[in-house]
Amino acid sequence: MSSTAQELIPPEAREPGNGRIRRAKGGRVRRLSGRDKLVLSLMVGIPTLIELTLVWLPTLMSVGLSFTRWNGLDLGNIRPAGTDNYQFISQDYPPFWPAVQHNMLWLLFLALIATPLGLLLAVLLDQNIRGSRIYQSIFFAPVMLSLALIGIIWQLFYQRDNGLLNFLLGTAGTPQAVDWFGDSSVNIWAALVAATWRHAGYVMLLYLAGLKGVDPTLKEAAAIDGANAVQTFFRVVFPAMRPINIVIVVITIIESLRAFDVVYVINRGTNGLEMLSALVIQNLVGEGQVIGVGSALAVVLLVISLVPIVFYLSRTFGKENKA
Amino acid sequence: MSTTTARTGRTPAAAAPRSGSRPKRHYGTHIFLAVMAVMWLIPLGWSLFTALRPVDSTNQYGYFSFAGDFNFDNFAQAWTQGGFSTYFWNSVIITVPAVLLTLFLASLMAFAVSRVNWKFNITLLIMFTAGNLLPPQVLAAPLFEMAKHFEVPYSFSDSGNMLNTYIIVIAVNTAFQMGFCTFVLSNYMKALSADLTEAALVDGAGIWRQYREIIMPLCRPAFAALGTLQVIFIYNDYFWPLIFIQSGNRLPITTAINNLQGEFLSNYNLLAAGAVITVIPTLVIYVLLQRQFVAGLTLGSSKG
């Protein structure tokens, strides 16, 4: 292969006197041989084809199907329905608004409780205290678990008659015992605690990496200027972690939109645990498949998701395009 | 706060001569962290405790006692009768090819967008990154219908289409995770000096040799980190098998455990054993490859 490649190298790259290769943009493309172009187009083409067929085409099809009525059987049965599905979900579909509220609540809880808790743990563990690594391992362990499994593990903890929580509260076996995942007035909070168990560890990990990246001279300078630890953190260290902060904001929003596994494991996202993502699936796998309604819900989820996605992408790639 | 405790404290640790560098003792911090750590361990610890007790003991003495036997019978029963050996094998069949394919395809794409300048490389990279950020539920219905209407011979799939096959689960997992891996790998490759491939170019190396012999070996740390992360991600994937796999005995362990919740309703000990079995592979990876896993997670966020 090397001999053929040698022959295919364009002359200007081989010229010994002219060995310095220009790094100008686009310069490299012109030096590609026919064989290289073929290799390159396969390198780009195969992954792109897969990404388009299995990610972006289905996304567009969701949008398309949301304006139709279809039972999912024969492709010939797809009927245009205009905006009927959207009118239906917003006006006549009882779980829709509770689901929107629960998604909002999920976001607020993660943003106001789980994320700050993770940040607090990171700040405390960043002080080089003894046993820091053991603490980190403990707080981080739930991040390794699937949210589905977390639902099961917490189910064992939350059960009405044999769960540890009711025992610790002294209510086990009494009429006051709470079925934490079954009672529709408390189960969303119980699920949020279980989700926090995982999310806080994740946030802690990212902030620990972020805190290590902050230039220590910044802290020293702040200390010389007479700032106390709290001031130093909020005025100097926290703003310096801006890139991580953005990632965490995006992760928190996207996690709360994706929240599915926990509620689906508990009760398929019904009875107090309605979430947009679970409603999408209920309409897909249920008895009478209503693909149009499910797709309209999916599009609502998509449109909301695009806000953090576009924000993140413009932050990440905006700089690069300018550079 | 912690300094005052340190000065007045009478514990041996505080009384011991200060070893110079650390004037603060952080007692308040330690108390807070210890309490949090215990709370953090309770759910897992409770599952393990329940799993280790035979159902007869818990029936006799109740769940909140230490009386009776402790043994691994529940684990054995879950493994054999509960079908966990099958589910576990199914997880392997799905996870291994999906991770290898994801890393291979992502490395091709990442190389092409980061090491070669061409017109649409940033556009494609944005498309890949965005694809990974979508909620999977948005694509679920069309993917399900695509799989259902993609007819194949019955000799290939007993459903006559792509539903209920491992291939569709592997393919969709690969497509979905590829975006993230491409993003991370392209950042990693971009950070490698341009001189490396320029020099190879002078030596007459084509694109494939630059990829295979220069860039790939240098990316080993990134592959180790991403590989660990992806094994965990795909092993933990609950959603795609839920959509595509209909036969219970083909489900991977993460999705199957939900069915056990119904089957073992009266036997929480067995359910707990199933949960603990499901945790074990991730725990093994966690203990052996924690650094890789952590590196994988932070690689993805280091470039915000």
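## Helix α4(A) against helix α9(B)

In this predicted model, α4(A) crosses α9(B) with left-handed geometry. The two axes approach to within 9 Å. Their crossing angle is roughly 110 degrees. Angles of 65 to 115 degrees count as roughly perpendicular, and α4(A) and α9(B) are therefore roughly perpendicular to each other.

Which residues make this contact? From α4(A) come Pro47(A), Ile50(A), Glu51(A), Leu54(A) and Val55(A). From α9(B) come Ala171(B), Val172(B), Ala175(B), Phe176(B), Met178(B) and Gly179(B). By class, the contact of α4(A) with α9(B) holds 9 nonpolar residues, 1 polar and 1 charged.

## The interface between chains A and B

How many residues does each chain bring to the contact? Chain A supplies 89 residues and chain B supplies 82. On the side of chain A that touches chain B, helix α4, residues 34–65, gives the most. Its share is 19 residues.

The side of chain A that touches chain B has 61 nonpolar residues. Another 18 are polar, and 10 are charged.

## A helix pair within chain A

Helix α11(A) spans residues 216–224, and helix α12(A) spans residues 229–240. Their axes come within 10 Å. They cross at roughly 160 degrees. Angles over 145 degrees count as roughly antiparallel, so α11(A) is roughly antiparallel to α12(A). The crossing of this pair is right-handed.

On the α11(A) side, the contact uses Leu218(A), Lys219(A), Ala222(A) and Ala223(A). These meet Thr232(A), Val236(A), Val237(A) and Ala240(A) of α12(A). The contact of α11(A) with α12(A) divides into 6 nonpolar residues, 1 polar and 1 charged.

Where does Asn164(B) lie? Asn164(B) sits in the loop between α8 (137–149) and α9 of chain B.

Asn164(B) has a positive phi of about 65 degrees, although it is not a glycine. Is Asn164(B) buried, exposed or partly exposed? Asn164(B) has 17 C-beta neighbours inside 10 Å. A buried residue needs 20 or more, and an exposed one has 12 or fewer. Asn164(B) therefore counts as partly exposed.

Notes
Residues numbered from 1 in each chain as written. Chains lettered and ligands numbered in written order. Predicted model: local features only at pLDDT ≥ 70, side-chain atom pairs only at ≥ 80, totals over all residues. Contact = placed C-beta atoms within 7 Å. Helix = DSSP H or I, 4+ residues; strand = E, 2+ residues; numbered from the N terminus. Nonpolar A, V, L, I, M, F, W, Y, C, P; charged D, E, K, R; others polar. Axes fitted to C-alpha atoms, helices over the stretch in contact; angles between N-to-C directions. Parallel < 35°, antiparallel > 145°, perpendicular 65-115°, else oblique. Left-handed = near helix turned anticlockwise from the far one by under 90°.
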